[in-house]
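The structure is shown first, and the notes follow.

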Amino acid sequence: MMASIDMRDVAGKKIGSRDLPAEIFESKVSVPLMHQVVVAGLAGIRAGTHSTKTRGEVRGGGRKPWRQKGTGRARQGSIRSPQWVGGGVAHGPTPRDHTQKINKKMRRGALRSALTDALQSGKLAVVDELDWDEPKTKQAVGVLDSFELAGRILLILPVPTESGAVEKSFRNLPNVKIAYAGGLGTYDVLLADRVLFTGAAIDRLLRAPKEPAPETAEETPPETAEETSKKAPRKTPSTSKAVAE
């Protein structure tokens, strides 16, 4: 049986139910996969500019502090060795790239696991439509109150609105983050306490339907021998390839 969820209007009144696609909201919840994708995502936004100087990069220390033998002290070759105050750092961090390779199949699987977990845990809600003429934060607060949403809230829209009124209405609320269905991430879904979809955003999650096949052209009448002889000579393979390209 396909999973379904209540569809409500902006006032919180139930106007029907919505079937949810099983390939997205009834997937296997894989915690290790979600963890790996989230860690990779957080690693990708690291600047990687941390840097320390080794003993060869610290200024000074070109002269041997004291002679090798006869002083009673430990032998030293430079005052910029790691054991000296002001010396270099041994095995310290250097600038590098922290990104981790995650393929598309893993990202899709982690997102489906997160959405399935959100549905099973009851933190998913669906509003029929959000379409306002002008931005008003009071309207956004009213929607959240009617749905009884609290904590970190993730609002998922299908695409950016033309006027931007919906985004501007919600962006003043510090506990609300706006995301779009085409760029939805696993980390955002897991971090949110409540997830609010629009009906169009759920449709956007599904793959775009294939384009219909072109209609079959009407059959042309057979050509006569005279018309066939008037045809241009056949193109060479190189010319045909260039045209095709």
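Asp6 counts as partly exposed because its relative accessibility is 31%; buried means under 20% relative accessible area, exposed means over 50%, and partly exposed lies in between, with a 1.4 Å probe and protein chains only. The model is predicted: local features need pLDDT of at least 70, side-chain atom pairs count only at pLDDT 80 or more, and totals for chains, interfaces and linings use all residues. Residues are numbered from 1 along each chain as its sequence is written, and side-chain values use heavy atoms, with hydrogens and water left out. Helices (H or I, at least four residues) and strands (E, at least two) are DSSP runs numbered from the N terminus.

**Salt bridges**

- The structure holds 5 salt bridges, where a salt bridge is a side-chain nitrogen of Lys or Arg within 4 Å of a carboxyl oxygen of Asp or Glu.
- Side chains of opposite charge can pair when their charged atoms come close.
- Asp6 forms one of these bridges with Arg8, with 3.7 Å between the closest N and O atoms.
- Arg8 is partly exposed, because its relative accessible area is 28%.
- Asp6 also bridges to Lys14, where the closest N and O atoms are 3.3 Å apart.
- Lys14 is partly exposed as well, with 47% relative accessibility.
- Arg18 and Asp203 meet through their side chains in a further salt bridge, at 2.3 Å from N to O.
- This pair links distant parts of the chain, since Arg18 sits in strand 2 (residues 14-19) and Asp203 in helix 7 (residues 199-205), 185 residues apart.
- Are the two partners buried or exposed, or in between? Arg18 is buried, with a relative accessible area of 17%, whereas Asp203 is partly exposed at 42% relative accessibility.

**Surface patches**

- Patches are made of residues with over 30% relative accessible area and no salt bridge; like charges are joined within 9 Å, and nonpolar side chains (Val, Leu, Ile, Met, Phe, Trp, Tyr) within 5 Å.
- Accessible areas come from the Shrake-Rupley method with a 1.4 Å probe, and for residues only the protein chains shown count as cover.
- Leu42, Ile45, Tyr187 and Leu191 make a nonpolar surface patch of about 390 Å².
- Leu42 belongs to helix 2 (residues 31-44) and is partly exposed, at 38% relative accessibility.
- A patch of negative charge on the surface gathers Asp128, Glu129, Asp131 and Asp133.
- For charge, Lys and Arg count as positive and Asp and Glu as negative, while His and the chain ends are not counted; the place of a charge is NZ of Lys, CZ of Arg, CG of Asp or CD of Glu.
- Glu129 lies in the loop between strand 3 (124-127) and helix 4 (137-146), and its relative accessible area of 49% makes Glu129 partly exposed.

**Helix 3**

- Helix 3 (residues 104-121) has 18 residues and reaches 26 Å from its first C-alpha to its last, close to the 26 Å expected at 1.5 Å a residue; the expected span is 1.5 Å times one less than the number of residues.
- Its buried residues are Met106, Ala110, Leu111, Ser113, Ala114, Leu115, Thr116, Ala118 and Leu119.
- Arg108 is in helix 3 and is partly exposed, with a relative accessible area of 41%.
- Between the C-alpha atoms of Arg108 and Gly185 there are 9.2 Å, although the two residues are 77 residues apart along the chain.
- Ser121 is also part of helix 3, and with a relative accessible area of 47% Ser121 is partly exposed.
- From Ser121 to Arg194 the C-alpha distance is 9.9 Å, at a sequence separation of 73 residues.

**Positive phi angles**

- Most residues other than glycine have a negative phi.
- His91, a residue other than glycine, has a positive phi near 60°.
- The loop between helix 2 and helix 3 holds His91, which is exposed at 84% relative accessibility.
- Glu148 is another residue other than glycine with a positive phi, here near 55°.
- Glu148 lies in the loop between helix 4 and strand 4 (153-157) and is exposed, with a relative accessible area of 67%.
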